[in-house]
Amino acid sequence: MLKEAIQYINSLCSPYVRELNGQTWSDKPLHRIHHNPKAEPIMLSTLDGLCDYLLSDFDKRGKLFVHVVSPTRVCVFSALDDERSREMLIVANAEVPKFQYDFFHDHESFLINLQTAFLDAGDRALLLKFAGTVESGTIAQYGDDGVTQKATVKTGVASKSDAIVPNPVTLRGYRTFAEVDQPDAQYVFRMREGGHCVQCALFEADGDAWKIEAKRNILDYLENALIGIDEITFLS
């Protein structure tokens, strides 16, 4: 208690400052007090809204820095001020359907998500047809490499046949801003028996290459939409 009391008393004293060998020393930490308020960023959900704001020059923007952070996030910053800090002016967060990858969904949920979270492109139609006609209790595996699967599918009102599960598959999901092209990506499609129903899953298999393509699409869109404004620097 005595040690803490002494430390508290010392903290109430003014700092002792001394010049030594051309340098300034103090017996207490010193913090510079400055007044440099920043505005709250404008929150948007579209690239069009971001471009409309920048083209309007509503806040007399000066030099700006546009950072494509991810396929679903773009931030706009001011240039460095006298305090060597930037002001975040705009944040655009894309609103995309939620779909959980690397997770086994029940049969019906998977079919619904496949139609609502993916465009009608690539192997979507093939996957819908296969997953929609597979019979529960018929999924079998060939070998032990965990790659090839076989299942029984309905081919007519009363007929059935064995088929190889399509793998890998190329799909185009809603994964970035609606104003730009959605990127294709490859997935490992897997099925398994889960309780009383078939379960389906998509495992990402392109090493996140789709993210690079999506960010490039966003960057191209912004550069074209904001052409002629020389004081904007783009980075992805």
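Trainee: Is Tyr101 buried or exposed?
Mentor: This is a predicted model, in which local features need pLDDT of at least 70 and side-chain atom pairs count only at pLDDT 80 or more, while totals for chains, interfaces and linings use all residues. Residues are numbered from 1 along each chain as its sequence is written, and side-chain values use heavy atoms, with hydrogens and water left out. Buried means under 20% relative accessible area, exposed over 50% and partly exposed in between, with a 1.4 Å probe and protein chains only. Tyr101 has 15% relative accessibility, so it counts as buried.

Trainee: How many aromatic pairs does the structure hold?
Mentor: Rings of Phe, Tyr and Trp (its six-membered ring) pair if their centres lie within 6.5 Å; planes under 30 degrees apart count as stacked, over 60 as edge-to-face and the rest as tilted. The number of aromatic pairs in the structure is eight.

Trainee: What is the angle between the planes of Tyr101 and Tyr187?
Mentor: A pair of aromatic rings is described by the distance of the centres and the angle of the planes. Tyr101 and Tyr187 are stacked, 5.4 Å centre to centre, and the angle between their planes is 5°.

Trainee: How many residues apart are Tyr101 and Tyr187?
Mentor: Helices (H or I, at least four residues) and strands (E, at least two) are DSSP runs, numbered from the N terminus. Tyr101 is in the loop between β6 and β7 (105-106), and Tyr187 is in strand β12 (residues 185-194). The pair links distant parts of the chain, and the separation in residues is 86.

Trainee: Which residues do ring pairs link into a cluster with Tyr101?
Mentor: Tyr187 is one of the members, and at 1% relative accessibility it counts as buried. The residues joined with Tyr101 through ring pairs are Tyr187, Phe99 and Phe118.

Trainee: What is the phi of Asp102?
Mentor: Asp102 is in the loop between β6 and β7, and its relative accessibility of 43% makes it partly exposed. It is not a glycine, yet its phi is positive, at about 55°.

Trainee: In what order do the strands of the five-stranded open sheet lie?
Mentor: Two strands pair if DSSP finds at least two bridges between them. The pairing in this sheet is mixed, and the order is β3-β6-β5-β4-β14.

Trainee: Which are the edge strands of that sheet?
Mentor: The open sheet has five strands. Each edge strand pairs on one side only, and these strands are β3 (42-44) and β14 (232-235).

Trainee: Which residue of β6 is the bridge partner of Arg73?
Mentor: Strands β5 (residues 73-78) and β6 (residues 88-93) run antiparallel and are joined by five bridges. The partner of Arg73 in β6 is Asn93.

Trainee: What angle does the direction of helix α5 make with that of β4?
Mentor: Helix α5 (residues 209-225) packs on the sheet, touching β4 (64-70), β5 and β14. Axes are lines fitted to C-alpha atoms, for helices over the stretch in contact, and angles run from 0 to 180 degrees between N-to-C directions. The direction of α5 makes with that of β4 an angle of about 155°.

Trainee: What distance separates the C-alpha atoms of Val91 and Pro41?
Mentor: Val91 is in strand β6, and at 1% relative accessibility it counts as buried. Contact means heavy atoms within 4.5 Å; beyond its neighbours within four places in sequence, Val91 has contacts including Pro41, Ile42 and Val74. Val91 and Pro41 are 50 residues apart along the chain, and their C-alpha atoms are separated by 6.4 Å.

Trainee: Within what arc do the buried residues of α3 fall?
Mentor: The buried residues of helix α3 (residues 107-116) are Phe110, Leu111, Asn113 and Leu114. Seen down the axis they line one face of the helix, because they fall within an arc of 165°. The arc is that of the directions from the helix axis to the C-beta atoms, and its value for α3 is 165°.

Trainee: Over the face of which residue does Arg175 lie?
Mentor: A charge sits over a ring if NZ of Lys or CZ of Arg is within 6 Å of the ring centre and within 35 degrees of the ring normal. Arg175 is at 3.8 Å from the ring centre, and the ring belongs to Trp210.
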